[in-house]
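Subject: Structure handover

Hi,

Here is the structure I said I would pass on. My notes follow below it.

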Amino acid sequence: VFKALGIKTSEMLTPYIIFISIYTLLFLTIGFILGYLASPLFRDLYLQFYLLPSVDPAFSWADFFIAIFVPFLVIIGIGTYRLLRIMREKSITLLSPKVKIPKKVRFKMMKKMVAKLDIKIRLQVALLLRQVSKVVTYSLSVFFALFLIFLSLSMREVFDTSLNSYYGNTHFESIAYCYDFTACEDNDYDKVIEMVVNINQTQVTLIGLELDNLTHPLYNLSNENITEQLSEGIIISKSYQDMYKVSVGDTLKLQIADRVIEREVVAVSNILLGAYVFASREDIAVNIFGYEGFFNALYSSERLSEEDYPLVIHVEDILTQMAYTNELMAAMFFVMFLVALLIAVIVIYLLTALSIEDQTYEISLFSVLGYTKKEISTILLSGYFKLNVLIFIIVIPYTMLANYLLKVFMIDLFDYYLPLQMRFMHVIIAGFVSVFVFMLSSLNAKRKIDKRSLQESLKIYQM
């Protein structure tokens, strides 16, 4: 209309560029401010894992201009290019667009698969195949959004699972350590040997326990007490088994200083915190230190005084520190969850709306054939919903595989065990979110269908 009235391209382009510029600068600035305010949180998170100097976040105008104007110039450049291409079209062409008949895409195998299905399902499949590019974009976006949701749900419980697998079954409040390889004073606390040993050139934490100790019982994956099996050999943690592919019945060589002893793995505990090997305290004391009563640590069910021992660690302090780390990680994965939701909402909202606009002629034909608006909505949108369900089913095994590969990656590169696992509740939550987001995002498309009259649909096309 503007071109037909003789308005110059520059005059038409200026308002669009101004609006896009204001909109882009506003949200880029908001993003920079949020990132700057969140920087102490991420700094503290890194300091939980890495020994780095603590430096307060500092504002820099150079960083500000790079973070704001580089993406701003890219967005404005692309936007201007697209607008100029549109404005090169003749005014008559823009006022009276021609019908774009999509090329037929032949999928012979799919045709045979849907041949015996209900007519509505066949229509849904046919309509999806008429807009392959939108379907591919929709599928990939929903796939990665669901994957991020599953991943954030799986990783949110990593630290809780690790801590609970160890400290959830223990009953000590404090750990008192003696001087290196020197026995503490004899008392009524549970006597323990703790040390780092080499197994197949890998450092592992060895804990020697009394068979009748009450502060650190060991349980298997079936939650059965297996502490007494230490008299038959050694017990490894579940995380150690997964990290180094060790099974019950294998024989491990424990190297301590210049001494090597071989012990059979008799059981696997449900501990997921790291590489732990448990043995009988008496066995280690006799065969390594030559003294049956040797121990170098004490587990106490009451809080010990730091003045009585060279080093005292309180379990409450450990849990408090890990709880803080867990809160930071939970916040990060919550942000990941929200980002995934935002991606899903935007993609479903835009693509369903665009699909309805592209299929105005089909809507008219369905109306002529006597279909109600509800039936037309079902035909046009249910195809996307079924596609959603199919993608959801595909994402589940993909996420399980990704969790496994991520665990392997962390073990190989960082020697760190992540107890990632997909729970049934995660599937329920992700499924509910997926359905809710689709229904919410497709409301706009349904409104477009309800507002479209037969006359309005047909008059803009050249038949």
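Buried residues make up 41% of the 463 residues in the protein chain. Buried means under 20% relative accessible area, exposed means over 50%, and partly exposed covers the range in between (1.4 Å probe, protein chains only). This is a predicted model: local features need pLDDT of at least 70, side-chain atom pairs count only at pLDDT 80 or more, and totals for chains, interfaces and linings use all residues. Numbering runs from 1 along each chain as its sequence is written, and side-chain values use heavy atoms, with hydrogens and water left out.

Overall picture

The protein chain has 15 helices and 9 strands. Both are DSSP runs numbered from the N terminus: helices are H or I with at least four residues, strands are E with at least two. The accessible surface of the chain comes to about 27,700 Å². Carbon and sulfur atoms hold 63% of that surface. Areas come from the Shrake-Rupley method with a 1.4 Å probe; for residues, only the protein chains shown count as cover. Now the contacts (heavy atoms within 4.5 Å). Of those with a separation of 6 or more, 77% join residues 24 or more positions apart.

Cores

The largest nonpolar core has 39 residues. A nonpolar core is a set of buried Ala, Val, Leu, Ile, Met, Phe, Trp, Tyr and Cys residues joined through side-chain atoms within 4.5 Å. Tyr138, Ile149, Phe150, Met155, Ile391, Phe392 and Val395 touch the most other members. Two or more residues each come from α6 (132-156), α7 (158-167), α10 (315-358), α12 (373-414) and α13 (424-441). Helix α6 gives the largest share, 12 residues. Phe392 is in contact with Leu146, Phe150, Val427, Ala430 and Gly431, leaving aside neighbours within four places in sequence. A second, separate core has 29 residues, including Ile256, Ile261, Val277 and Leu298. In soluble globular proteins, nonpolar side chains tend to be buried together.

Ser162 lies in helix α7. This serine is buried, at 5% relative accessible area. Not counting residues up to four places away in sequence, Ser162 touches Leu272, Leu273 and Pro419.

Strand β4

Have a look at β4 (residues 234-237). Ile234 and Ile236 point one way, Ile235 and Ser237 the other. All of these are buried. Strands pair if DSSP finds at least two bridges between them. β4 pairs with β6 (residues 259-269) in the parallel sense, over 4 bridges. There, Ile235 has Ala267 as its bridge partner. β4 also pairs with β7 (residues 276-280), in the antiparallel sense, over 2 bridges. In β7, Val277 is the bridge partner of Ile236. Val277 is also among the residues of the second core.

Salt bridges

How many salt bridges does a search of the whole structure find? It finds 5. The criterion is a side-chain nitrogen of Lys or Arg within 4 Å of a carboxyl oxygen of Asp or Glu. Side chains of opposite charge can pair when their charged atoms come close.

- Glu210 and Arg281 meet at 2.6 Å, N to O. This pair links distant parts of the chain, 71 residues apart. Glu210 is in the loop between β3 (202-209) and β4, and Arg281 is in helix α9 (residues 281-289). Glu210 is partly exposed at 21% relative accessibility, whereas Arg281 is buried at 7%.
- Asp242 and Lys238 have their closest N and O atoms 3.3 Å apart. Both lie in helix α8 (residues 238-244), 4 residues apart, about one turn of the helix. Asp242 is partly exposed, with 21% relative accessible area.
- Glu262 and Lys253 meet at 3.9 Å, N to O. Glu262 counts as partly exposed, at 45%.

Surface patch

Ile33, Tyr36, Leu37, Phe59, Trp61, Phe65, Phe69 and Leu73 form a nonpolar patch on the surface. Together they have about 850 Å² of accessible area. Patches use residues with over 30% relative accessible area and no salt bridge; like charges are joined within 9 Å, nonpolar side chains (Val, Leu, Ile, Met, Phe, Trp, Tyr) within 5 Å. Helices α1 (9-49) and α2 (61-87) each supply at least two of the patch residues. The largest share, 4 residues, comes from α2. Leu37 lies in α1 and is exposed, at 60% relative accessibility.

Best wishes
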